[in-house]
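Let's take a friendly tour of this structure, one part at a time. Keep the 3D view open as you read.

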Amino acid sequence: MNDRTIALQETARKLRIAVVKTLHKSQSGHTGGSLSAIDLITALYFHKMRHDPASPAWEGRDRFVLCKGHAAPALYVALAESGYFPPEDLMMLRRLGSHLQGHPDSKSTPGVEVPTGSLGQGLSMAVGMALGLKLDQKRNRVYALLGDGELQEGQVWEAAMSAAHYRLDNLCAMVDANGLQIDGEVEKVMNVAPIADKFRAFGWHALEIDGHDMTAILNALERAEMAEGQPTVIVARTVKGKGVSFFENKASYHGVPPSDEELPRALECLGHS
Amino acid sequence: MSSMIATRDAYGETLAELGAGNDAIVALDADLSGSTKTGVFAKKFPGRFFNMGIAEANMVGTAAGLASVGKIPFVSTFAIFAVGRAWEQVRQSVAYPKANVKIVATHGGVTVGEDGGSHQSVEDIAIMRAVPNMTVIVPADGVETRGAIRAAATFKGPVYIRLGRNKVPTIFPQDHPFEIGKGCELRPGSDVTFVTTGLMTAQALEAADFLEKEGISARVVHIATVKPLDRELVLKAARETGAIVTAEEHSIVGGLGGAVAELLAENHPVPMRRVGIRDRFGTSGKAEELLKYFGLTPEHLADTARELVQSR
């Protein structure tokens, strides 16, 4: 493991702490799926993506679409840490008048490209971005982060079909496969496995990794860039609630914020005193 | 009424013309490009046309993504699919972020004909009108369609344009200026006003001719932009003629009739009647037969207006 990877792991830890504090303050929002996505989002915002927080509309930027929009807190802490807006704003999450809406809203928040939250719609928008950028012969890349439960939406597969049809090798989808959704295990609610095979059958270049292994994430993102003529999906096995032992692998923490009593214990798990 | 042209044909030609002058214009279709006439654009600009297959939800989302990187996407399919199948994509991915997407739906209303009730959208205007940030336009003829398509291309934000399958008489002069949100008085009158949209405007003009022979002076106000409604023009008609008959090739629930009723009820209530499809689905038949079957004829419009005037 090199210094870069260690630094990114430390950033991810900081972001998890910010997620817990933000959700404790708002007392509303999605804890489990925000924490499972943090390592993937960290790798994108603090390593892979070209972007300029001082100029959110910079033409040369790569695009990110948080298809699983309920993990908005994970995106917001990354945007705040990057410098798109002051970290204090996080404490206003989900409040009336706040620019931080319950689910990502491109009209409100600097750095948010398109609104998401209604599951299944994000990948189509990412496909449109990739198509438009290719049309202009631009080299910008498009990243989309989906949930595994979200793959139950039929529109995801319409989008998957079209991305391969139009040979969108500038598109990289990541699946935060934490195995849980609101009603329980994805496998039991409506099985989506085998995810990578499904995408391969749709014409995608598919990789499977441990979504909390920073080295593996960076390698996969690198390999995605080398794919020619087809989009890449990185199926990242993750743990819902990752980093806070008593949140981990619990569907019951899907949409529940940390309570007053849980906050200090959660922060302790994340090495925050 | 010199010529007849289907509004969808006027769309195809206009889109192709616009494409020549603006590289940002792209078109998407869901396997109906021959019918919606985006095929004309596709032939001229194959690199900027995307057939998305029979997958309307993804098509609308893809258009929103294209808009977010600076393109001006025109999305077409039949009205029933653009509004029905892809409603939530239109709401979440297009209207919510005010994406610069133009949804041009063809085969609106019952004049789709033989395909029957499954393919005849009688509620699309109501559905689109209820979505915030959405502009809703129903042109009356080919000339107005050209104007509406051109206006939509320069307008920033989502627009829904509803077109028809069949040829309709041209009622506007070729140089008719089109402005989003502006209705127009096509015929003066003092006893009653027809407030109409789409192909019903031509029917209302005929109805006004019948009524004139009976000594009833009927005004005809054409409303292409159902939302935002030209409030001043409709209120002026209500004040000056004291009776309103709306007409549309659409359900009487929530469309132009609904919009006018809402406006009048709050601002200047006058006796009114809504001519349209009376809360039911369409059915198979020839377009002309269906217009008669659903009472969307000059005769029925004249009867409705006469009765309203006499009951005052």
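## Where the two chains meet

In this predicted model, the contact is built from 20 residues of chain A and 22 residues of chain B. On the chain B side, helix 4 (56–68) and helix 6 (87–95) each supply at least two residues. Helix 4 of chain B gives the largest share, with nine residues.

What classes of residue does the side of chain B that touches chain A have? There are 10 nonpolar, nine polar and three charged residues.

## A sheet in chain B

Now look for an open sheet of five strands in chain B, with the order 9-11-10-13-14 and mixed pairing. Strand 9 (184–187) and strand 14 stand at its edges; each has a single partner strand, so one side of each has no neighbour in the sheet. On average, neighbouring strands are turned by 25° against each other, direction ignored.

Strands 10 and 13 of chain B run parallel and are joined by four bridges. In strand 13 of chain B, B:Ile244 stands opposite B:Thr193. Helix 9 (residues 200–213) of chain B packs on the sheet, where it touches strands 9, 10, 11 and 13. The direction of helix 9 makes about 170° with that of strand 11 of chain B.

## Helix 11 of chain B

Helix 11 (residues 256–267) of chain B has 12 residues and reaches 16 Å from its first C-alpha to its last, close to the 16 Å expected. Which of its residues are buried? They are B:Leu256, B:Gly257, B:Gly258, B:Ala259, B:Val260 and B:Leu264.

These buried residues pack against several elements of chain B, including helix 7 (124–129), helix 10 (231–241) and strand 13 (244–251).

Methods
Residues numbered from 1 in each chain as written. Chains lettered and ligands numbered in written order. Predicted model: local features only at pLDDT ≥ 70, side-chain atom pairs only at ≥ 80, totals over all residues. Contact = placed C-beta atoms within 7 Å. Nonpolar A, V, L, I, M, F, W, Y, C, P; charged D, E, K, R; others polar. Expected span 1.5 Å × (residues − 1). Buried ≥ 20, exposed ≤ 12 C-beta atoms within 10 Å, placed from the backbone. Pairing = 2+ DSSP bridges. Axes fitted to C-alpha atoms, helices over the stretch in contact; angles between N-to-C directions.
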